[in-house]
Amino acid sequence: MSIESHPSDSPIGSPDRSSQFGSRWKARWQAFLHPLAGEKTEFLQRRWAELDPALRTPNQISGRHLTHCSFTTGASYCSFHCTHCYLPSHANEVPIPSLSEMKEQIDANRRFQGPGGGLQITGGDVADSYWRAGRADELVEIVRYAYAVGLVPMLFTHGQTFLEHPAFLERLVVEAGLRQVAVHIDVTQAGRHGYPIQRVTSEADLHPVREAFTALATRIRQKTGAKLELAHNCTVTRRNIDDLPDLLQWFLARPERSQIWRMLSFQPEADTGRTIFSRQPVTPALVWEKLQQGVGQPLRREAAIFDHPDCNSWAPILVSRRDGRFFPLLLGDEKWDRLLGRVLERVGGLHLMNDEAATPFFCVAGVLVQNPWLLAQLARYFFEGIMGGRVPASAFFAMITGQAHVLGIGIHNFMDAAQVATADSDPVTSARLDACVFKGAVKENGDWKAVPMCRMNQQKWSEVYAARSANPELARQSQPWDRADLQMASVESSDPIPQFSKTITE
């Protein structure tokens, strides 16, 4: 199976199981023989050449493993009223874009990224929007189309719609092939049923919500056989900064949790959109310190760099399903940086997204067979880690026997709107925007451009919404606010809606 093809199996209940078995092994064999996609390699080479030479370090991931992660400027409606929202105040009044426009966006993102790129299906809360508008079929088609053109979609949501209507999520998994859902859960949210914002005193109060999503994803996996995975998004403010160690420990306490939740993303608050900003905003350095406390082990922030070092920090944790032990995969020293650089030069173009044929393992095996010296150097490095006590032997053996998985932990540090506005005169801000790995296709004067999310938050959302609101065709289509029969209560009576002003709080 090429990375341009749809990753899902035949429809659930298909009688031709032998055909499915044969197609899986054919895909695995092709992945072993041809682990690197030529088109993707070309895109990466161009991206590497575009990077500032100062950022072309051995441990730079941009231009080696990814061009960038893209996003859609999709449905802007959301039933929640969170204290930290980066969208303009009138987002809930903007109509859903047409299906043809969404497909045009997806095509443009594919042209900017090449095959196998990640695509965030987002805007406001798209699951919430399409369900309330009675247009669930369109969201199914959007996800399916993204796969069809060779991208890997991840649906972003607060998830309440799926908890209350789990058949909707199951349909997206079965009919559209959806395999990745990012769920935002934190104390800044107002609108989650049973958890009014004034009664949520810590992130621990929301662990039952996280457990509910774990159970939901597990049930769908068992029923459909699909490898549905979740990502956890969390805005970090003064209100919940001290909760991060406990939050990390909750995910790491049981391997079956981190086998479902494969990415934990933390975003220090940014003064943009309708956010109610803190007097003393948290810093990325403080967030990272709390994450290290939660893991209980040192995590080197610069072990792997995604675009500009001020923007993203990431640490992959290997978790053993045999005994629950874990350790940071990027051990974090200059020797590792050099080795990582050599590995990325040879295998950076690998497609490692999970699919139904489990081809990532065979892609890696194919590369190692073609480059045996890489295998020898990696084995030596981890052996030295075991002997030095940095790598638990049991966790390493769980990895090589297929009884381990990787949990990604990271920070995405968005910029304040006022900072983005100074890009023409501030070389650091300009460099961050130029190097950005989080860009979505936006049409400007008839031409598609890849626009960084921080630029979207600063001004582009308002421009996109203005054009969409002026389109009379969209106004004639069903919108979230038209279907009261499908709506959940936006906010419980005991959950006051925060006032979206620029009042400084906390």
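In H5, the buried residues are Ala136, Glu138, Leu139, Val140, Glu141, Ile142, Val143, Tyr145, Ala146 and Tyr147. Keep in mind that this is a predicted model.

How many residues of H5 are buried? That is 10 of the 13. So the rest of the structure largely encloses H5.

What do those buried residues pack against? The helices are H3 (99–113), H4 (126–132) and H7 (166–176). The strands are S2 (118–121) and S3 (152–157).

Now the length of H5. The helix runs over residues 136–148. At 1.5 Å a residue, its 13 residues should span 18 Å. The C-alpha atoms at its ends are 19 Å apart, which agrees. After H5 comes Gly150. The phi of Gly150 is positive, near 105°.

Let me step back to the whole protein. It has 19 helices and 11 strands. Of its 506 residues, 56% are buried. Residues 24 or more positions apart account for 79% of them.

Which residues make the contact? From H8, they are His207, Arg210, Glu211 and Thr214. From H9, they are Asp246, Leu247, Trp250 and Phe251. By type, this contact of H8 with H9 has three nonpolar, two polar and three charged residues.

The other pair is H13, residues 359–370, with H14, residues 372–387. Here the angle is about 105°, and the axes are 4 Å apart. That makes H13 roughly perpendicular to H14. On the H13 side, the contact is made by Val367, Leu368, Val369 and Gln370. On the H14 side, Pro372, Leu374 and Leu375 take part. What types of residue are these? In the contact of H13 with H14, six are nonpolar, one is polar and none is charged.

To recap: H5 is largely enclosed, since 10 of its 13 residues are buried. H13 is roughly perpendicular to H14.

Methods:
Residues are numbered from 1 along each chain as its sequence is written. This is a predicted model: local features need pLDDT of at least 70, side-chain atom pairs count only at pLDDT 80 or more; totals for chains, interfaces and linings use all residues. Side-chain values use heavy atoms; hydrogens and water are left out. Helices (H or I, at least four residues) and strands (E, at least two) are DSSP runs, numbered from the N terminus. The expected span of a helix is 1.5 Å times one less than its number of residues. Buried means under 20% relative accessible area, exposed over 50%, partly exposed in between (1.4 Å probe, protein chains only). Contact means heavy atoms within 4.5 Å. Ala, Val, Leu, Ile, Met, Phe, Trp, Tyr, Cys and Pro count as nonpolar, Asp, Glu, Lys and Arg as charged, and the others, Gly among them, as polar. Axes are lines fitted to C-alpha atoms, for helices over the stretch in contact, and angles run from 0 to 180 degrees between N-to-C directions. Angles under 35 degrees count as roughly parallel, over 145 as roughly antiparallel, 65 to 115 as roughly perpendicular and the rest as oblique.
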